[in-house]
Amino acid sequence: MRKLLAMIFCFTIVLYSGCTKEEQPVSPGNTDDKLIVVGFSQVGAESEWRVANTENIKDTLTEENGYVLIFDDARQEQENQIRAIRMFIQQDVDYIVFSPKVETGWNSILLEAKEADIPVLVIDRYIEQQDEELYTAYIGSDFYKEGETAVSWLADFLEKRGRKEEPIRIVHIQGTIGSTPQIGRTAALEEAIRKHPNWELVAQECGDFTKAKAYEVMGSILKQTKDIDVVYCENDGEALGAIAAMEEAGLKCDPYGGVIVISFDATRLGLEYCLSGKITLNVECNPLQGPYVDEIIKKLEQGESIEPKNYIDETYFDYSSISREIIDNRKY
Ligand code: GYE
């Protein structure tokens with residue numbers, strides 16, 4: 001079995017780097033001329049954000065930069081992620097990097113990694129607090145803060161438009177239930193609804209962070225009601241799907257009396273929608289996490305201390321601040 005696993009490992013290494021561990025070349029980014037083997041378990045490819053995240057990790061953890069990257073796409077299944085992580089442990093990789101689909105269910109596999117003495121970097125989404133001592137570092141976004149940015153922007157916008165006291169009917173399309181971005185962005189909206197007695201949640205459905213699912217759920221919500229002021233989508237893909245369904249139903253999405261669409265991620269495509277006014281507000285969520293992962297691993301290699309939690313700085317764009325120039329300079 002071990003032999004077989006070793007063969008699979010070598011084959012994967014050859015696939016990813018074109019050389020075996022024994023033949024590792026001297027690399028400028030890695031002074032002791034030994035390549036660092038990283039196993040990366042990605043959630044899937046459900047959104048533009050996710051694709052940009054995968055590409056950025058692959059573009060950063062390269063052989064020239066001192067790495068051998070073993071990449072696994074879990075296709076949205078937590079079971080696949082657990083299987084991949086177990087495989088990385090058996091392959092005795094130097095580091096495990098993973099973006100957990102949901103927050104729960106990681107305890108035993110992370111214990112296995114700890115017992116094997118393999119440092120784990122959790123990126124993008126988070127894991128439940130009780131497992132905090134089972135990983136070395138977290139790199140990602142403060143999702144609650146992103147949600148707070150969105151709802152305080154909305155409160156401001158409505159006040160400026162003289163709609164502070166008016167009934168505001170909100171449709172909420174959630175991301176994958178149990179994932180950190182869903183939990184944070186949902187909590188911020190629900191809290192704001194509790195604070196504003198005139199804000200009413202007329203529907204709350206899961207769009208699973210995809211355009212197709214959001215299109216479907218928005219379509220069925222529209223069969224119940226078309227009296228909607230705001231649609232709060234938890235990513236750009238969902239916003240695009242919801243907008244398509246609303247336009248088909250004859251609703252206009254814009255900040256000038258149409259439905260106010262709020263989105264997260266601010267990918268290039270999402271920002272195009274912002275420029276056209278169809279998305280009124282797009283809160284940034286930065287997928288370019290590769291350089292942070294690289295920096296932390298290099299520090300650990302040098303025996304330097306690292307921050308256990310690392311939040312990436314993020315901003316937001318609305319219909320009035322977005323420009324062609326911003327979109328053209330966007331990296332994702
Ligand atoms: O917002 C969404 C993606 O975990 C931050 O997952 C990520 C989210 C992102 O599919 O587009």
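This is a predicted model: local features need pLDDT of at least 70, side-chain atom pairs count only at pLDDT 80 or more; totals for chains, interfaces and linings use all residues.
**Entry: the domains**

I started with the division of the protein. Domain 1 takes in 2–139 + 288–301, and domain 2 takes in 143–285 + 318–328. I then looked up the contacts between them: 11 residues of domain 1 touch 15 residues of domain 2. The area buried between the two domains is about 980 Å², with carbon and sulfur atoms giving 60% of this. On the domain 1 side, Trp49, Glu103 and Arg125 lose the most area to domain 2, and together they make up 46% of what that side buries.

Four residue pairs are in polar contact between domain 1 and domain 2. The residues on the domain 1 side that touches domain 2 divide into six charged, four nonpolar and one polar. I also searched for salt bridges across the interface of domain 1 and domain 2, and the rule finds zero.

**Entry: salt bridges**

How many salt bridges does the structure hold? I noted 22, and I picked out a few to look at by eye.

Glutamate 79 counts as exposed, because its relative accessibility is 57% and the cut-off is over 50%.

I also wrote down a network: Glu46, Arg50, Asp124 and Arg125 are linked by salt bridges. Arg125 was already in my notes, as one of the residues of domain 1 that lose the most area to domain 2.

**Entry: around aspartate 265**

Is aspartate 265 buried or exposed? Its relative accessible area is 4%, so I put it down as buried. Aspartate 265 sits in strand 9, residues 260–265. Leaving out residues up to four places away in sequence, I listed what aspartate 265 touches, including Trp49, Arg185, Glu284 and Arg330.

Arg185 turned out to be a salt-bridge partner: the side chains of arginine 185 and aspartate 265 meet at 4.0 Å, N to O. The pair links distant parts of the chain, with arginine 185 in helix 6 (residues 180–195) and aspartate 265 in strand 9, 80 residues apart. Arginine 185 is buried too, at 2% relative accessibility.

Arginine 330 forms a salt bridge with glutamate 284, their closest N and O atoms being 2.8 Å apart. Arginine 330 lies in the segment after helix 11 (324–328) and glutamate 284 in strand 10 (residues 281–284), so this pair ties together parts that are 46 residues apart in sequence. Both partners are buried: arginine 330 has a relative accessible area of 11%, and glutamate 284 has 9%.

**Entry: positive phi**

Last, I checked backbone angles. Most residues other than glycine have a negative phi, so I kept a note of two exceptions.

Aspartate 92 has a phi near 55°. I found aspartate 92 in the loop between helix 3 (78–90) and strand 3 (95–98), and it is partly exposed at 47% relative accessibility.

Phenylalanine 209 has a phi near 65°. Where does phenylalanine 209 lie? Its place is in the loop between strand 7 (199–206) and helix 7 (211–224). Phenylalanine 209 counts as buried, at 4% relative accessibility, whereas aspartate 92 counts as partly exposed.

Methods. Residues are numbered from 1 along each chain as its sequence is written. Side-chain values use heavy atoms; hydrogens and water are left out. Domain bounds come from an automatic or database domain assignment. Contact means heavy atoms within 4.5 Å. Buried area is the accessible area (1.4 Å probe) that two parts lose on being put together, summed over both. A polar contact is a pair of N or O atoms within 3.5 Å; within protein, one must be able to donate a hydrogen and the other to accept it, and residues adjacent in sequence count only if both atoms are side-chain atoms. Ala, Val, Leu, Ile, Met, Phe, Trp, Tyr, Cys and Pro count as nonpolar, Asp, Glu, Lys and Arg as charged, and the others, Gly among them, as polar. Helices (H or I, at least four residues) and strands (E, at least two) are DSSP runs, numbered from the N terminus. Buried means under 20% relative accessible area, exposed over 50%, partly exposed in between (1.4 Å probe, protein chains only).
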